[in-house]
Amino acid sequence: MTTATDPHRPRILRKVTMDYRYHCSIPASDGRNTLPFNPCRLLDFTLLRLSAGESWTGESGDREILAVILGGTASFTVAGHHFPRVGGRPDVFSGKPHSVYLPAGSPITVEAVTDVEIALPSAPSDLAADPYVIAPEQVATGRWGAANFGRNYHQILTEIAQPDLPARRLIVGETYTPSGNWSTYPPHRHRVDDLPAEAAHEEMYYYRVNPANGFGISRVYTDDGYEENVTIRDHVMQMMPEGYHTVVSAPGYTTYFLWFLAGTQRTQGAREDADLAWVGKTVPTLRSVGL
């Protein structure tokens, strides 16, 4: 008889299926995968997975899309522009990404050169622009925080790091949270337009974990007292039309998240939780001693 304490019992990694407002698991089947629900008004996300030789055809409609190559290589034809063999990194933990900006009103064909995974964050847009590729050398890198809340980032499509790349609303990047560390700490929100202190932006995270059997913990909480604490595994989505947010990696595991924001403008600003903001003020001191 197998009991709950049997050490030989197979371990089942369960997807996020509870009744959450701000978290879900996106399917990761072959083809185009969509969110099971979406609390955001502006942002949306789909995940495209193709085997070598397969193709997908669609349209951007009234939305701008940034196709971020999570792993593999694909060729894109967008509104008559052809971009062959975009990509190269085998997975999100192996270097900077290639990306393709897909403007609103564009027919799109994606042809998989190798097996490929492509993240497709999107937002409404009325911007008239040509499609373009963002090469790895255009992606800015750095480190936020310090000590056990230090994390590494890639800025892919941001006003501050890529000011010459056109976009209407999308702001996109990647963060890598080392073993045992926290990201987006102190927790912050993007609720109101009060620049430079804060900007009104929705935000989503798409997660992966390395090694893949690991986990992290996400916390989202609002000014009115609502709170969610969720186990992070591959393909978990964190969707934030409001709320403070933070995430921690379990010891022994690195969590990755693709982050993307949208609002009425693209200048970023975040307000930290006032009770925890003092931690951020320690960063210069911690870094001065090598942490």
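Arg 189 is buried in this predicted model, with a relative accessible area of 8% (buried means under 20% relative accessible area, exposed over 50% and partly exposed in between, with a 1.4 Å probe and protein chains only). Its place is in strand S15, residues 182-189 (strands are DSSP runs of E with at least two residues, numbered from the N terminus). The side chain of Arg 189 makes polar contacts with the side chain of Glu 198 at 2.8 Å and with the side chain of Asp 223 at 3.0 Å. A polar contact is a pair of N or O atoms within 3.5 Å; within protein, one must be able to donate a hydrogen and the other to accept it, and residues adjacent in sequence count only if both atoms are side-chain atoms. The model is predicted, with local features needing pLDDT of at least 70 and side-chain atom pairs counting only at pLDDT 80 or more, while totals for chains, interfaces and linings use all residues. Residues are numbered from 1 along each chain as its sequence is written, and side-chain values use heavy atoms, leaving out hydrogens and water.

Strand S16 (residues 201-210) is mostly covered, 9 of its 10 residues being buried. S16 pairs in the antiparallel sense with strand S21 (residues 254-263) over 10 bridges (two strands pair if DSSP finds at least two bridges between them). Here Arg 208 has Tyr 256 of S21 as its bridge partner. S16 also pairs in the antiparallel sense with strand S19 (residues 236-240), over 4 bridges, and Tyr 205 stands opposite Gln 238 in S19.

Turning to the open sheet, 6 strands are arranged in the order S2-S3-S10-S5-S8-S11, with antiparallel pairing. Strand S2 (31-34) and strand S11 (132-134) stand at the edges with a single partner strand each, so one side of each is left without a neighbour in the sheet. Strand S8 (residues 99-102) and S11 pair in the antiparallel sense over 3 bridges, and Tyr 101 stands opposite Tyr 132 in S11.

The structure holds 1 cavity of 30 Å³ or more. A cavity is a set of points, on a 1 Å grid over the protein atoms alone, where a 1.4 Å probe fits but cannot get out; lining residues have an atom within 4 Å of a point. The largest cavity has a volume of about 40 Å³, the volume being the space filled by probe spheres set on the points, which are joined across faces, edges and corners. Its lining consists of His 190, Arg 191, His 201, Met 240, Pro 241, Glu 242, Gly 243 and His 245.

Key:
On a 1 Å grid over the protein atoms alone, a cavity is a set of points where a 1.4 Å probe fits but cannot get out, and a pocket is an open set with protein on both sides within 12 Å along at least five of seven lines; lining residues have an atom within 4 Å of a point.
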